[in-house]
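I opened this notebook to keep track of what I looked up, one entry at a time. Each entry begins with a place in the chain or with a property of the whole.

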Amino acid sequence: MMDFNMFVGEAVNEGRQQMEQAGYTQLQTPEEVDAALEKDGTTLVMVNSICGCAGGIARPAAEYAVQHEKRPDHLVTVFAGQDKEATARAREIFGAAHIPSSPSFTLLKDGEVVAEVRREEIEGFVPSQVVAKLQAYFDEHC
């Protein structure tokens with residue numbers, strides 16, 4: 001019988017690896033979040049999650065969305081439920097109007113939120129629909 005904690009650990013490691021292979025930088029501390037989100041230009045923040053249904057849609061969408069002519073200057077990710085302080089700091093930077101959602105995508109331009117794709121726009125959809133939404137935001141803001 002598989003230990004639940006071992007299963008969660010494997011799912012987290014797979015989720016991290018998938019995002020790194022797609023070109024996203026892992027942010028695991030509040031200091032890393034501050035440094036990454038202070039950069040000029042556009043930054044896509046993917047809030048990763050081990051949630052099977054939504055996470056299994058968001059991670060492929062994150063990978064394929066950035067294979068587009070226009071794309072953010074910086075790709076970063078925090079892992080909700082795992083890197084709790086980093087995730088909390090990112091959400092704090094997103095501002096009071098931001099309602100925590102995981103998985104989710106937040107697009108910033110020069111440190112200001114310009115677009116979001118929340119869990120309810122991911123769960124129940126196919127990755128290509130999420131990719132289309134993200135790429136439309138890239139066309140508009142990048």
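**Entry on Ala22.** I first looked up what Ala22 touches, and, once neighbours within four places in sequence are set aside, I found contacts with Glu63, Val66 and Leu75. I am working with a predicted model, and I keep that in mind for every entry. Ala22 sits in the loop between α1, residues 4-21, and β1, residues 25-26. Is Ala22 buried or exposed? Its relative accessible area is 13%, and because buried means under 20%, I wrote Ala22 down as buried. I also looked up the pair Ala22 and Pro60, which are 38 residues apart along the chain, and their C-alpha atoms are separated by 8.9 Å.

**Entry on the chain as a whole.** I then stepped back and noted that the secondary structure comes to 5 helices and 5 strands. Read from the N terminus on, the elements run α-β-α-β-α-β-α-β-β-α. I looked up the radius of gyration next: a compact globule of 142 residues would have one near 14 Å, and the protein chain has 14 Å, so the two agree. Along the principal axes, the C-alpha atoms fill a box of roughly 50 × 35 × 25 Å. Of the 142 residues, 45% count as buried. I also looked at contacts with a separation of 6 or more, and residues 24 or more positions apart account for 72% of them.

**Entry on surface and charge.** The side chains include 12 positive and 23 negative ones, and I found that the centres of the two sets lie 3 Å apart.

**Entry on the cores.** Which residues touch the most other members of the largest nonpolar core? This core has 23 residues, and the ones I wrote down are Tyr24, Leu44, Phe105, Ile122, Val130 and Leu134. The elements that give two or more residues to this core are β2 (42-48), α3 (52-65), β4 (104-109), β5 (112-117) and α5 (127-141). Among the contributors, α3 gives the most, with 6 residues. There is also a second, separate core of 13 residues, and its members include Leu27, Val78, Phe94 and Leu108. I went back to Val130 to see its surroundings, and, leaving aside neighbours within four places in sequence, I found it in contact with Ile57, Ala61, Phe105, Val117, Glu121, Ile122 and Phe125.

**Entry on Leu37.** I located Leu37 in helix α2, which covers residues 30-37. At 7% relative accessibility, Leu37 counts as buried. Not counting residues up to four places away in sequence, Leu37 touches Thr43, Val45, Val76, Ala90, Ile93, Phe94, Leu108 and Gly111.

**Entry on Thr87.** I found Thr87 in helix α4, residues 84-94. Its relative accessible area is 3%, so I recorded Thr87 as buried. With neighbours within four places in sequence left aside, Thr87 is in contact with Val47, Val78, Phe79 and Ala80.

**Entry on Glu10.** Glu10 belongs to helix α1, and at 36% relative accessibility it counts as partly exposed. I looked up its distance to Ala90 as well: Glu10 and Ala90 are 80 residues apart in sequence and 24 Å apart in space, C-alpha to C-alpha.

**Entry on two backbone details.** Where is there a cis peptide bond? I found that it joins Ser102 and Pro103, with omega at about -5 degrees. Pro103 itself lies in the loop between α4 and β4. The other detail I noted is Asp110, whose phi is near 50 degrees, a positive value in a residue other than glycine. Asp110 is in the loop between β4 and β5, and at 48% relative accessibility Asp110 counts as partly exposed.

Technical notes: Residues are numbered from 1 along each chain as its sequence is written. This is a predicted model: local features need pLDDT of at least 70, side-chain atom pairs count only at pLDDT 80 or more; totals for chains, interfaces and linings use all residues. Side-chain values use heavy atoms; hydrogens and water are left out. Helices (H or I, at least four residues) and strands (E, at least two) are DSSP runs, numbered from the N terminus. Buried means under 20% relative accessible area, exposed over 50%, partly exposed in between (1.4 Å probe, protein chains only). Contact means heavy atoms within 4.5 Å. A nonpolar core is a set of buried Ala, Val, Leu, Ile, Met, Phe, Trp, Tyr and Cys residues joined through side-chain atoms within 4.5 Å. The radius of gyration is taken over C-alpha atoms; the globule rule is 2.2 Å times the number of residues to the power 0.38. Lys and Arg count as positive and Asp and Glu as negative; His and the chain ends are not counted. The place of a charge is taken as NZ of Lys, CZ of Arg, CG of Asp or CD of Glu.
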